[in-house]
Every structure is written in structure tokens, then in C-alpha cells.
Amino acid sequence: MSLPQLSNTLPRVADALRRTPLHRQHAELGAKLVPFAGWEMPVTYEGIREEHSAVRTHAGVFDVSHMGEVEVEGPGALAFLQRVLSNDVAKIALGGAQYSCLCNEEGGVLDDLFTYRLGGDRYLIVTNSANHDADLAWLGRWSRQLGDVTVRDVADRYAMLAVQGPHARGIVSRTLGIELPARMRVATARIGGRPALVCGTGYTGEDGVEMLLDPEVAPPIWAELLDAGVVPCGLGARDTLRLEVCFHLHGNDLTPERNPIEAGLGWCCREETGFVGAEPIAAARRDGTAEKLAPFKIEGAGIPREGNPVLSAGVPAGVVTSGTFSPSLELGIGMAYVRADLAEPGTEVEIDVRGKHRHARIASKPLYSKEK
Amino acid sequence: MADAHYPDDLLYHDQHDWARLEGDDHAVFGITWYAQDSLGEVVFYDPPEVGATIDKDASYAEVESVKAVSDVIAPMSGEIVEVNDALEDAPEKINEDAYGEGWLVKVKLTHPEEAGQLLGADEYRKLLENS
């Protein structure tokens, strides 16, 4: 048999892979380590389904130290962020968090990211690791143009742990002896005797926190969480969890060639703020787009994968950008850019999975929810 | 998914498939412990049709884990006479019992002499050590 490759892997053969401060812990736990965006990352420890289920029913911890951090500070910080980010940055209260897109002049999505307001004119942006260097260059260019603001790469300053699941907050709060910020809020804390940031955000559809730690204390904190019953989870489960709740993955569902409107992210674009890309995005919102990103479920056998063609009445009608087996629903699920008239929930389409046409139905977001 | 093991009574293909010869011209095929471990939890097995002709070194089926899909390579040539239907509802048997309940197909061999080109368990273990 031919052995599998992790999708979204960006191997950089010439470069040595970077390692997180928890690399040794992953190796000792017997994790399957794979190259991911230039990093050597755990894809799973005991199995993706088990880890997935731990996050849906209990609590799991992900080492996401590969993600990047950028600090933005100065009297011009708000004006600068308002110019480069799609959302209304003025709405972020002190200690607040906000999701937005970083767009190019054509309205294409360079990255999707969370911004946390740490001080009056001090913000922290968390970037996707594959985009971190390009984001920095882009932000640097605009900061020099607008002035009164400093953009600092602080990625090396932090390890990042995401603790997610219905019991995640309780366990973190008890184990580390700290008070946690509410959802969509950020707070400073002392963790392992060092300053840390705790954010009420995540990428799984479950309650939980993301913690930015001093890299030196990441190993003991990781060990404390595991001792408290939190299950170590890899990027494999992170992907199935996020796709079940239709969170976008940049590089798959979002690219510089697609705008936030067709991606279903119009809600985090405030064109009246005049951000870079606002005009084409306003036009897309007004005129509609030829295609839209739509979640779907396979009816019957088959697992859709990135790149599979979508067909309607036998005619090409789109492409799958994310696809997997859903451990919660036990069927194939995905998101695809389809002809706009097909994007309504309930519409039947076919997915060409390696030459086999699989029946699928466009669904509403999220694909999985607890109430059902 | 117990520890790695490669039974001595099987023949191995370097693409991580095994064949168990039955009589002069029949064989059962499956994937090795190494293959299922690399793949992770198998969630879907797409078997060939009974009666289909398969060629040595070519793909005859697909197995999928949560994360990825893989072609299954035929260790020998022949005609499919039976597929393991139990895997439709329990594909995880490929992980749990790769050489037993996780078998994939039974084949009537058209070139039984191809067995001479396959590896013994020791040779296959060496191949894995050096890869």
C-alpha cells in the first residue's frame, strides 16, 4: 500500500523542522510526529477518534506552539489595526478578543486571526504558523506607511496550549489555581511562576481556554494538566473538531484568491472602517459571488478530501477545500466552494471521491452540535 | 494495535502488504502491521468487486483513516473470489487484527509463481529497519 500524507503539510525539505518546547514530551508519549508548516508536530498520540471524543466529552490539551504571535503597540495602534484588519477593531474593549481577516487590496484573505487587546494601545495578534512570516512582512509594511506604531514578532516568547472540552475550564482553573477570563476575553495570569496570557477562545466548538506561556514552564504545566486527566490531543483531532463546527482553515478554506464574503465570513468584515480590501469586499457583498463556501455531509459511504470535484446534475459545480471522516457523526463531512445557487442547505450534490461519485447534501452550520 | 509483529508463515510485498497462500493457486491478502500503524485508525474500506482482475504491484482497493486515504497494492495477480464484508461495518478490524479478521480479499491466483518475488518475514523486517 502507499502510505498516507497529512494534508496541509508544507514540507520544507531544505530546512530543519522547528520543534516546540514540548517536543520531548510528545516523543515520550509516543506521538506520531509529522512535518506541518515547517514544524515537527504531533498528529496523534493514541488515536484521532479517542482524542476527538475526549474533547467533545471531557477535556483535551493541544500543543499549538507553532502558532505565531505579533505584538502591536503605540499611539497609532488602533488606526493601524483598523486599516489592516477586516473587523471593527475599535469595538475591542480592554481585555477583549476579536476574530478578523487580514486581506490584500483585492479583498483576498491573507490570514484569519484573533486579536487581543492587552492595554490601551497594546494588542496581540495570533497568526497561523504557515503565514506568520508573510503576515509580519505585510504588517511591517503598513505600519511604516501609517506610523506611530511598532509591530514586533514575539513568537519566540510564547508556548501556546489550547485546553478544550466541557470540563476544560474547571480543570485548568483548579489545577493552575487561576481565575479564567470569560469567553472572548483575555487576562494576564501567573502560570508556573511566570507571566502568562489566558484567552477564552478555541478552535474546537467546545468551551475552553488558550494559554500563552513562557516556553520554559510549558513542560511542567503540560505535565500538570495530563496528571489532572486532560487528554493530550494532536493536530489530527484538532482538524476533525474544527471541521465538525465549520471553522475555517487558512490554506484550505481561505486563500488570498478568495474573499471573506464567499467564505461566509462577511460577519467579521466592517467595510465602513476602510480596511485594506474593503472596496472589493463591499462589492462582493452587494453583487453576490459566483461561488460560496458550503458545509456538506456525505450520504452513505465515502470520505471527501481536499481537492475533490463537486458535481451537480453531472456538471462540475465546485471543489472540496476540507474533507474528513467525522468521528462524532461517523460519516464523511466537508466544506466546498460551490456555485452560489447550490449553497442552500438541503441541496443535493455529488462529490467525485477519486473517481467514485458520492451523494452529499449541503448542510447548515455547524455540521455537529451538542443539542442534536 | 498490539506491538509490531510479522508472522513467519506469510509472504510480504515491499509496499506493506501480505499474502497467505492457500493450496496451489489461492491466497488471502491484507496490509501489514506497519501499514495499519502508519495509517492510523481505519474508518473506511473500499473493496474491489468479486470477479475483478487484479495485477501484482497495482492498486486494487482503498483504505482510509480519519486523516488520509491509501491505495492497497496487490502482492500477486489474480481474480477476486471473496471480499471481507465484515469490514464494511467494522473497518477497525484492520488495525486490531491485521493478519486475521482484518484480511481484505481472497484471490484465485493467475501467476502463483509470483510468490517467488515476495519477501519472507525476516526480509520484510529488515526492509522496515532500513527504511
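The structure is a predicted model, in which local features need pLDDT of at least 70, side-chain atom pairs count only at pLDDT 80 or more, and totals for chains, interfaces and linings use all residues. Residues are numbered from 1 along each chain as its sequence is written, and chains are lettered from A and ligands numbered from 1 in the order in which they are written. The model scores ipTM 0.82 and pTM 0.92.

Chain A holds 8 helices and 19 strands. Helices (H or I, at least four residues) and strands (E, at least two) are DSSP runs, numbered from the N terminus. The C-alpha trace of chain A spans about 60 × 50 × 45 Å along its principal axes. Of its 372 residues, 49% are buried. A residue is buried with 20 or more other C-beta atoms within 10 Å of its own, exposed with 12 or fewer, and partly exposed in between; C-beta atoms are placed from the backbone.

A nonpolar core is a set of buried Ala, Val, Leu, Ile, Met, Phe, Trp, Tyr and Cys residues joined through C-beta atoms within 7 Å. The largest has 132 residues; Val72(A), Leu161(A), Val163(A), Met211(A) and Leu213(A) touch the most other members. Beyond four places away in sequence, Leu213(A) touches residues including Tyr158(A), Ile191(A) and Ile221(A). A second, separate core of 8 residues includes Val34(A), Phe36(A), Trp39(A) and Ala130(A).

Most residues other than glycine have a negative phi, and most peptide bonds are trans. Ala313(A) has a positive phi of about 50°. It lies in the loop between β15 (309-312) and β16 (315-326) of chain A. Ala313(A) counts as exposed because it has 8 C-beta neighbours inside 10 Å. Glu330(A) also has a positive phi, near 55°. Its place is the loop between β16 and β17 (331-339) of chain A. The peptide bond from Lys365(A) to Pro366(A) is cis, with omega near -10°. Pro366(A) sits in the segment after β19 (356-362) of chain A.

The contact between the chains (C-beta atoms, placed from the backbone, within 7 Å) takes 21 residues from chain B and 19 residues from chain A. On the side of chain B, β7(B) gives the largest share, 5 residues.

Terms used: Contact = placed C-beta atoms within 7 Å.
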